[in-house]
Amino acid sequence: MINHLECFVESADTGSFSAAGRRLALTSAAVGKNVTTLEAQLGVRLFQRSTRKLTLTEAGERFLLEVRGGLASIQRAMNSLDSSGQHPSGSLKVSVGTHFGIHYLLPLLDEFLGRYPLIRPDWEFDNRKIDLIGERFDAAIGGGFELPQGIVARELAPAHTVLAASPAYLARKPAFVEPEDLAFGEGIRIRSPQTGRVRNFILRDSQDRQAAISLPERMTFNEPEACCEAAVMGLGIVVASLPNLLPYLESGRLVRVLPNWYAENGSLSLYFPTHKMLPAKTRVFVDFVIEKFREQQLSRRFDARIMFVN
């Protein structure tokens, strides 16, 4: 309800949903939806809408006079609680990819809750793209997010894609020395759950040579871990991101194919809304994740330019 009232007051002050969204770090659509929900709850129309501006109805003017002062008092009280930072608390809504969340974030949960026992994790493990502001997430970890106004991205590590196969598979195949040799392999490819297509990557090496992945598709899956497990079974060469492949590479179940070659895929980042006063629960989560990335040297381990020793 507080969010709906904030959207109403800011829209009344600025005369548009888009201007209110810029103040609140929300999308115009999210502001409009909140105002519409408030109108439905009250059973009255608060604005007359046109293509150019918003105009308060008579009921809207009366309602604005009634709620403005009370809303300001509530906001001050909430900000006072959040700014103390002594006892961060509340629901922490985070979006993170399934594999990364389970293998890298979830193992940190016990320590995180030991430090901040009043925080209640509400984490979504999914590989879909989200609207961080519109869906009211406190933070998200991933890559390829759009960065609209009101969102901050803290880069955690490079996002590199590499090729890997089991030692048994490579033992029965001619050596893969150059990218064109991939034409003699069998590909295990990841199919996007959003588009249903397999992404075509361009490989590069330390000398900045470039080459397409000329790897015939033997099979496709929409889950990266399934692709990695199929590669462990010796069924072909998997093309996947280093965070997905790292446990397999470090254990020796898979080894890099063409280890001097990799594809760049942006960066792995931590995203969160920027406010003048970031809630304490979000601030401590951001600091904690950055601290653990540094401790575990994940930025270095996710860098395909560093050779693996198997």
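These legends walk through a few close-up views of salt bridges and a cavity in a predicted model.

Residues are numbered from 1 along each chain as its sequence is written, and side-chain values use heavy atoms, with hydrogens and water left out. As the model is predicted, local features need pLDDT of at least 70 and side-chain atom pairs count only at pLDDT 80 or more, while totals for chains, interfaces and linings use all residues.

**View 1. Glu58 and Arg62 pair up through a salt bridge.** Here the N to O distance is 3.5 Å; a salt bridge is a side-chain nitrogen of Lys or Arg within 4 Å of a carboxyl oxygen of Asp or Glu. The two residues sit four apart in helix H4 (residues 58-84), so about one helical turn separates them. Helices (H or I, at least four residues) and strands (E, at least two) are DSSP runs, numbered from the N terminus. Glu58 is exposed, at 61% relative accessible area, and Arg62 is partly exposed, at 49%. For these terms, buried means under 20% relative accessible area, exposed over 50%, and partly exposed in between (1.4 Å probe, protein chains only).

**View 2. Glu111 meets Lys292 in a salt bridge.** Their N to O distance is 2.8 Å. This pair links distant parts of the chain, with Glu111 in helix H6 (residues 109-115) and Lys292 in helix H10 (residues 280-295), 181 residues apart. Glu111 is partly exposed at 34%, whereas Lys292 is buried at 5%. Both belong to a network of salt bridges that also takes in Arg115, Glu291 and Glu295.

**View 3. Arg209 and Asp205 form a salt bridge.** The closest N and O atoms lie 2.7 Å apart. Arg209 is partly exposed, with 38% relative accessibility, and Asp205 is buried, with 5%. Across the whole structure, a search finds 14 salt bridges.

View 4. Helices H5 (98-105) and H10 each give two or more residues, with H5 giving the most, three. Seven lining residues are nonpolar, one is polar and none is charged; Ala, Val, Leu, Ile, Met, Phe, Trp, Tyr, Cys and Pro count as nonpolar, Asp, Glu, Lys and Arg as charged, and the others, Gly among them, as polar.
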